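Hi,

Here is the model I said I would pass on.

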There are 2 protein chains.
Amino acid sequence: MALIVQKYGGTSVGTIDRIRNVARRVAHHHAQGHQLVVVVSAMSGETNRLLGLARELSAQPDPRELDVIAATGEQVTIGLLAIALQEIGLQARSYTGGQVRILTDNAYTKARIVEIDEGNMRRDIEAGTIVIVAGFQGVDAEGNITTLGRGGSDTSGVALAAALKADECQIYTDVDGVYTTDPRIVPEARRLDTVTFEEMLEMASLGSKVLQIRSVEFAGKYKVKLRVLSAFEDPEASGPGTLITFEEDDTMEEAIISGIAFNRDEAKISVMGVPDKPGIAYSILGPVAAANLDVDMIVQNIGASGHTDFSFTVNRNEYLKTLDVLAQERGKDFTAREIIGDNRICKVSVIGIGMRSHVGIASKMFKTLADEGINIQMISTSEIKISVVIDEKYLELAVRVLHKAFGLEHAPVQAA
Amino acid sequence: MALIVQKYGGTSVGTIDRIRNVARRVAHHHAQGHQLVVVVSAMSGETNRLLGLARELSAQPDPRELDVIAATGEQVTIGLLAIALQEIGLQARSYTGGQVRILTDNAYTKARIVEIDEGNMRRDIEAGTIVIVAGFQGVDAEGNITTLGRGGSDTSGVALAAALKADECQIYTDVDGVYTTDPRIVPEARRLDTVTFEEMLEMASLGSKVLQIRSVEFAGKYKVKLRVLSAFEDPEASGPGTLITFEEDDTMEEAIISGIAFNRDEAKISVMGVPDKPGIAYSILGPVAAANLDVDMIVQNIGASGHTDFSFTVNRNEYLKTLDVLAQERGKDFTAREIIGDNRICKVSVIGIGMRSHVGIASKMFKTLADEGINIQMISTSEIKISVVIDEKYLELAVRVLHKAFGLEHAPVQAA
């Protein structure tokens, strides 16, 4: 008997029939003797419908009230799933974020989980009841309703698994696991049986979109065993999905490339001709962070004649706002010759463990792109990835040639 | 400066434009210097949509989960109205029933309010903030979401007015006050400037449908000044509606008929040939009450040869269930020659203060109906009403001739 937290996204609960399917899948696991906590999203389209109503009233609706409205989406789904489970003879009980209670900070629309009270859930689980929890939401210390931001249901699932010390957190989605890259771009893409936490973190943040990045960070922090599976396969016949592991195999000397990730949701901003002196990065990025804008890649070249160029990427839909912030701060906190940007770029990354010690991978990546005439605009590397920013129009081509160059269509041959 | 609780029903907040209209009306009263607490229903159609989803999954969904689902309707509206008020420059803050906190018992789908914590609302009101509260809902002592049953938003409004000792509770609806009868049946029907609490209670329970009966009871119990107004007239030019008063004018010797009420949502059940002995009423109605079925009129005739006939009315949609309950109990708790029923009946009532001492009113009512050939099946009287059960097909005719017979198209001439 294991305690399993399962999370079903909006598509998996998008219709009454699909909610019935989720109930059957939950019943299947319950019949195997497992204790279950099920986290659900709003029915697909519902969150957008609700936020749309608010936006009809105001271009910038109060975030507190937006959360009051948006949180109802998941609240409907938990009630429906509980009824669907009861209808097939199981005990089930729904909980809103506040009822659990999932305590968050008060950063409306992007709250962070502070603490989870497991008492109510534990009591129900011990009594053989299946616990259904609304994803994406919580309450702050004053009882205000908060939401965790888009994709926050994954985070809810992982956080609940951590609080309950669950044996596994299963994220059900519309794909049956994590692939070497997007199969819609590279038909030969292969499902990975396991992927390390660090690789998964890169895959998620780089746009593979299977899991929300905060949920993977959370899983890593609390060592939650995380598995990605398909919500749409027959429960009796469904595959094992992809397990996210947290132990690197230290004996592995060969670099293993696990996948090609990409992200077209970014925009590039360059602040040209800034004084090359200590504190300049902070003087540029401080105001950006203060405006709550997330920065991804940051590149600064070595300067010449006392000046340097400073580039970074932001979410594409925060591109204009970021330019605004910089225009306001320019001349106050920093001086610059020119601020330029480009929102028609994409980021493509080669992901794999043990990459830093294998410079051959970087050169192979750059040569593969050069052979296709693709210009590299920015480069950033880490322990387990090499990312490049290129013109958006080359995205598919770059992913395909890199997938082939690293032989990802074949299962890796493990080094001894 | 007064503290006013305003309640807006589902039709008044049925679209984004109507929510904007409500915001303008609230702003109009705020500009006059009043402190405001606004109670809202779900957008019209929304509660039915939500319950419909649940019923697709189960013929008899768990009431606890139904309430979790249904309560989201009002939760969306409070957020939207708060945003609409903020958009026109006012401070506003939404509260779910649980956030207020409106404590109820745990009778899901028909919970009763036990206590209201006014602390949060009072703090906001004092700070000049308009408080928006979700009608129809509360939480039980364990934090489960409850709803008050259909029409419960009126009750929420009155209960909040009582808790806050508000100067007035204004119920905004799609009519501009309480009429002598339904103007759709009698075009000459006249709006009443005032109506006593007791008359209003009868008007509401007998199907005049302007206010939910429990809200009127609540208003009477806590002496809340209650006013019915139109949500659709221009706030600048709207009439005074109808004020519900709680003091009878003791000097009044003339009976004043205030209106003709009717209800076609009832069914009649007769238990024939039961032993005429103490306890028989309880042995029949005890099981009915235990099955949570509401009984309205009860009539028992004087018996002959040791047996009597016992009749009562129930909600029409609980007719078959009531017959079922009686069939099961017959022969156990009571014996009967026959149990018969009729669900094609209606109830028509003449409502007025000081009626008991004026037997002429009853005889005028009975003669008026007899003149039209309308057979009376049951009669029940109280301090302020005479009700008859007649064949459903005569409803409109009976209401029209009674309205005319009592001269209700003219304003009453007060007795000295």
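Below is what I found when I went through it.

First, a word on confidence. This is a predicted model, with ipTM 0.75 and pTM 0.76. Chain A has a mean pLDDT of 89, and 94% of its residues come out at 70 or more.

**How the two chains meet**

I started with the contact between the chains. Chain A puts 27 residues into it and chain B puts in 26. On the chain A side, the elements giving two or more residues are helix 1 (16–31), helix 2 (46–57) and helix 3 (63–87). Helix 3 of chain A gives the most, with 14 residues. By type, the chain A side splits into 15 nonpolar, eight polar and four charged residues.

What relates the two copies?

**Inside chain A**

Chain A is divided into domain 1 (3–247) and domain 2 (251–416). Their C-alpha centres are 30 Å apart. Where they touch, 18 residues of domain 1 of chain A are in contact with 22 residues of domain 2 of chain A. On the domain 1 side, strand 12 (194–196) and helix 7 (197–208) of chain A each supply at least two residues. Helix 7 of chain A has the largest share of that side, seven residues. The domain 1 side is made up of eight nonpolar, five polar and five charged residues.

**The core**

In soluble globular proteins, nonpolar side chains tend to be buried together. Here the largest nonpolar core has 220 residues, and the ones with the most contacts inside it are Leu81(A), Ile132(A), Leu81(B) and Ile132(B). Which residues does Ile132(A) touch, leaving aside those up to four places away in sequence? Its partners are Val38(A), Val40(A), Ile78(A), Leu81(A), Ala82(A), Ala92(A), Arg93(A), Ser94(A) and Tyr95(A).

A few spots deserve a look at the backbone. Most residues other than glycine have a negative phi, and most peptide bonds are trans.

- Val100(A) and Arg101(A) are joined by a cis peptide bond, with omega about 5°. Arg101(A) is in the loop between helix 4 (97–100) and strand 4 (102–104) of chain A.
- In chain B, the bond from Val100(B) to Arg101(B) is cis as well, with omega near 5°. Arg101(B) sits in the loop between helix 4 (97–100) and strand 4 (102–104) of chain B.
- Thr109(A) has a positive phi, near 70°. You will find Thr109(A) in the loop between strand 4 and strand 5 (113–116) of chain A. Thr109(A) is partly exposed, with 17 other C-beta atoms within 10 Å.
- Phe136(B) also has a positive phi, near 80°. Phe136(B) belongs to the loop between strand 6 (130–134) and strand 7 (137–139) of chain B. Is Phe136(B) buried or exposed? Phe136(B) is buried, because 28 other C-beta atoms lie within 10 Å and 20 or more is the cut-off.

**One more loop**

Last, take a look at Asp294(B), in the loop between helix 9 (280–290) and strand 15 (295–300) of chain B. Asp294(B) is exposed, with 12 other C-beta atoms within 10 Å. Beyond four places in sequence, Asp294(B) touches Val314(B) and Asn315(B). Asp294(B) and Tyr108(B) are 186 residues apart in sequence, while their C-alpha atoms are 16 Å apart in space.

Cheers

How values were computed
Residues numbered from 1 in each chain as written. Chains lettered and ligands numbered in written order. Contact = placed C-beta atoms within 7 Å. Helix = DSSP H or I, 4+ residues; strand = E, 2+ residues; numbered from the N terminus. Nonpolar A, V, L, I, M, F, W, Y, C, P; charged D, E, K, R; others polar. Domains from an automatic or database assignment. Core = buried A, V, L, I, M, F, W, Y, C linked by C-beta atoms within 7 Å. pLDDT = per-residue confidence, 0-100.
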